[in-house]
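I opened the notebook to record what I looked up in this structure. The entries follow the order in which I checked things.

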Amino acid sequence: MSLLNIMNIGKSALFTNQAALNVTGHNIANVNTPGYTRQSAVLKVAGPQEFAYGFLGRGVKVAYVRQSYSRFVETQLLGQHQNFGKADVMTDVYSRVEQVFNSFTGSGLSNSLQAFFNSWNALSTDPASFAHRTVLLADANNLIDVAKQMEGNLQKTISEIDKEIQNDTDRINAIAYDIAKLNKDIVRVEAGNSERRANDLRDSRNTLVTELAGLVQLSTLEDTNGSLTVLVGMRDLVSGAYVNEMTSGVDALGNVTIKIDNTEISSRITKGELGGYLESRKAIEEGPLKELRKFAAALTLEVNEIHNRGIGLDGYQGDFFSPLSVSVSTTSVGASVSAATVTNQSDLTLSEYDVTFSGGTWTVKNRDTGATLNPASVTVTGNTIEFEGISITVAGAIANGDTFVVSPLTDAIGKFSMAITNDKQIAAAYDPNSPGDNRNALDMAQLAEQLVGRLGGETFSRTYTKIVSMAGLLSSNSIDMYKFESNLRAELQSQRDAISGVSIDEEAANLLIYQRGFEASARLITVADELIQTVLNL
């Protein structure tokens with residue numbers, strides 16, 4: 001081996017230790033960078049040279065730069081980001097719902113309801129009193145106002161959820177395009193060399209995937225070229241350098257629709273912020289909001305039934321509150337409802353229905369129980385369908401599968417109002433010729449503690465307490481879930497940091513090792529140079 005080969009060995013060691021110092025410095029520089037994965041230079045013996053007496057080494061080289069990465073831990077952490085994202089938004093949403101039902105401020109629906117029945121009780125003591133009648137009207141209007149305000153706050157929460165869903169959709173698409181660009185760059189850098197890894201680009205992509213996991217439920221698949229496919233709702237959101245954009249909206253039935261590649265995937269998204277918004281939105285609509293509307297509808301029906309049995313000071317006989325109306329929604333293209341009315345308030349069950357046309361016949365399904373109504377209880381005259389106190393008439397081009405959602409609850413609070421216009425119309429009596437007749441007022445006052453069949457055999461006060469408890473339970477459970485998911489995420493993050501995080505102490509030790517190696521390599525080159533000069537001076 002020539003003296004020049006000794007110098008080449010020194011040079012290879014010099015460059016190798018320099019590269020290792022660069023990797024160490026890069027780790028130190030990124031000690032606080034979120035998502036950074038610790039790197040290390042993997043050294044490899046340079047190919048030896050054969051001589052007559054055997055093989056002599058030719059130094060060292062950097063085989064590749066390795067990331068300290070555990071796929072198992074990263075996969076677990078990615079899934080936990082999805083769980084945490086869901087728990088986080090649900091805690092926020094349900095806390096707002098709970099505040100709507102917070103009656104401890106003295107202005108809740110419970111207090112307004114109690115004041116309303118107390119006014120009827122006061123009127124029963126002096127049914128001709130102008131003062132009592134005026135207070136009753138004021139308390140009735142206040143009850144209406146509070147109910148409307150509560151419904152408005154719940155609807156505002158739902159509206160805010162819809163905006164957040166759109167914001168998340170836009171952010172998901174933006175991240176998807178960034179991932180697609182990184183896919184392209186990673187494939188280009190790593191092409192044709194299995195040991196050359198685009199580590200920093202991969203860290204950037206992993207950071208984006210982690211952020212995406214906090215937004216939506218996903219799964220990933222990496223191919224042999226290093227390109228990452230991201231699937232959401234069993235559809236490709238990112239495939240190589242291409243993106244199928246996600247879209248969101250609300251259909252005519254009030255349901256949120258989320259699509260990728262024109263395929264509906266809402267039901268497949270159960271995690272991440274998006275999953276949390278979808279679940280909490282449905283829970284509000286089918287829970288507190290629906291029950292509050294059912295409460296107001298039952299109150300309207302029960303009060304009106306009693307009021308219709310009595311008579312006012314001016315001879316008025318009729319409703320106290322404006323009667324319930326029917327709302328209909330559909331996604332049908334050619335058909336629509338030309339008329340929807342309540343034919344008999346007493347027959348209303350306060351359920352919602354799916355009225356479907358199929359095979360030339362109409363079927364009515366109770367949305368609450370899932371049961372199809374007995375055909376004998378459904379009257380069909382042409383395209384007019386009557387059932388359980390409701391009548392709807394369908395016009396236009398009706399097609400098989402057309403479904404109409406019929407509800408006596410949707411407008412129960414929105415159209416909640418007074419039917420009477422003055423205090424003389426309040427029907428406190430059964431006998432108009434007896435000024436002291438208070439029997440109807442007493443019946444109305446006793447309604448406060450009566451068991452109401454439309455409310456499942458509960459009183460109004462207990463029913464409202466259940467609604468408040470429902471809202472509180474949603475909030476309490478979401479807080480517990482948030483704490484659990486947060487702690488689990490922190491534990492997994494600690495595991496990830498133990499494997500992939502940068503330790504300053506460890507890097508400081510490596511710095512000294514590679515520094516000494518660099519200095520020794522330089523000394524070897526100096527020695528080789530001195531030997532060459534000695535030979536030249538012979």
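In what order do the three strands of the open sheet with β9, β10 and β11 lie, and is the pairing parallel or antiparallel? I find the order β9-β10-β11, with antiparallel pairing. I note that this is a predicted model, where local features need pLDDT of at least 70, side-chain atom pairs count only at pLDDT 80 or more, and totals for chains, interfaces and linings use all residues. Residues are numbered from 1 along each chain as its sequence is written, and side-chain values use heavy atoms, with hydrogens and water left out.

Entry: the sheet. I take helices (H or I, at least four residues) and strands (E, at least two) as DSSP runs, numbered from the N terminus. Two strands pair if DSSP finds at least two bridges between them. The edges are β9 (246-250) and β11 (263-264), each pairing on one side only. I looked up β9 against β10 (residues 256-260) and found five bridges, the two running antiparallel. Methionine 246 is opposite isoleucine 260 of β10. The β9-β10 hairpin has five residues between its strands, and there glycine 254 has a positive phi near 85°.

Entry: helices on the sheet. I count a contact when heavy atoms lie within 4.5 Å. Axes are lines fitted to C-alpha atoms, for helices over the stretch in contact, and angles run from 0 to 180 degrees between N-to-C directions. Helix α4 (residues 130-190) lies across β9 and β10 and runs at about 170° to β9. Helix α6 (residues 272-309) also packs on the sheet, touching β9 and β10, with its direction at about 150° to that of β10.

Entry: helix α1. I checked its length: the 27 residues (3-29) should span 39 Å at 1.5 Å a residue, and the end C-alpha atoms are 39 Å apart, so the two agree. The expected span is 1.5 Å times one less than the number of residues. I call a residue buried under 20% relative accessible area, exposed over 50% and partly exposed in between (1.4 Å probe, protein chains only). Buried residues of α1 include Gly10, Leu14, Val23 and Asn27. Their cover includes β1 (39-45), β4 (60-67) and α9 (504-536). Asparagine 27 has a relative accessible area of 0%. Leaving out residues up to four places away in sequence, asparagine 27 touches Tyr36, Arg38, Gln39, Val502 and Glu507.

Entry: aromatic rings. Rings of Phe, Tyr and Trp (its six-membered ring) pair if their centres lie within 6.5 Å; planes under 30 degrees apart are stacked, over 60 edge-to-face, the rest tilted. I searched the whole structure and got 15 aromatic pairs. Phenylalanine 101 and tyrosine 464 make a tilted pair, 6.5 Å centre to centre with 45° between the planes. Phenylalanine 101 is in the loop between α2 (71-100) and α3 (109-125), tyrosine 464 in helix α8 (residues 460-500), 363 residues apart. Both are buried. I also looked up tryptophan 362 and phenylalanine 404: their ring centres are 6.1 Å apart and their planes at 45°, so this pair is tilted. Tryptophan 362 is in strand β15 (residues 361-366) and phenylalanine 404 in strand β19 (residues 403-407).
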